[in-house]
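Here is a short report on one protein chain.

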Amino acid sequence: MLSSRLPGLAAVLLVALSAAACSSDVNPMKAAMVGAGYGPKAVETPDFVETSRRRDSTYMPIGQDAAKPAIRARNSTAQKSLEADLEAARTRNEARGKIAEGAGKGIAKGLKPAVPPAE
């Protein structure tokens, strides 16, 4: 009974092992090929990436939300200051837009429209 299933079981096992070897980071065939000079070369992590990574390995457990930061409303003085800053930014941007539009019109005065190619 077992001997009749043995070839099928061996085939399934072979396919599973070959698929696992291709997707694994511990692949002796890949390691041998890279060691022989074929395949991708190992790349060192750049210093800026290494220094920007967090070193603590504490992760939030699944199913828990992060603590909500306390949101404070602005007082009336801060609100007026923010509105004044935003209005000033709008005025600056509108002025820059008008300057750019005028420069574009000045440059385009001497240009003729493009003529479509003759068929």
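A residue is called buried when its relative accessible area is under 20%, exposed when over 50%, and partly exposed in between, using a 1.4 Å probe and counting protein chains only. The model is a predicted one: local features need pLDDT of at least 70, side-chain atom pairs count only at pLDDT 80 or more, and totals for chains, interfaces and linings use all residues. Numbering starts from 1 along each chain as its sequence is written, and side-chain values use heavy atoms, with hydrogens and water left out.

**Fold and confidence**

The protein has 4 helices and 0 strands. Helices (H or I, at least four residues) and strands (E, at least two) are DSSP runs, numbered from the N terminus. Along the sequence the order reads α-α-α-α.

The average pLDDT (the predictor's confidence in each residue, from 0 to 100) is 81 for the protein. At least 70 is reached by 87% of the residues. Confidence is lowest in helix α1 (residues 2-23), with a mean of 71. It is highest in helix α4 (residues 76-108), at 93. Where pLDDT is low, predicted coordinates should not be read in detail.

**Surface**

Of the 119 residues in the protein, 1% are buried. The accessible surface comes to about 11700 Å², and carbon and sulfur atoms hold 63% of that. These areas come from the Shrake-Rupley method with a 1.4 Å probe; for residues, only the protein chains shown count as cover.

How many of the 8 residues of α2 are buried? The count is 0, and α2 is hardly covered. Glycine 37 follows α2 and has a positive phi, near 105°. Tyrosine 38 sits in the loop between α2 (28-35) and α3 (47-52). With 54% relative accessibility, tyrosine 38 counts as exposed.

**Salt bridges**

A salt bridge puts a side-chain nitrogen of Lys or Arg within 4 Å of a carboxyl oxygen of Asp or Glu. The whole structure contains 2 of them. Side chains of opposite charge can pair when their charged atoms come close.

| Pair | N to O distance |
|---|---|
| Glutamate 87 – arginine 90 | 3.7 Å |
| Lysine 105 – glutamate 101 | 3.7 Å |

Glutamate 87 and arginine 90 are 3 residues apart in helix α4, so about one helical turn separates them. Glutamate 87 is partly exposed at 42% relative accessibility. Arginine 90 is partly exposed too, at 48%.

Lysine 105 and glutamate 101 lie 4 residues apart in helix α4, so they too are separated by about one helical turn. Lysine 105 is exposed at 56% relative accessibility, whereas glutamate 101 is partly exposed at 47%.
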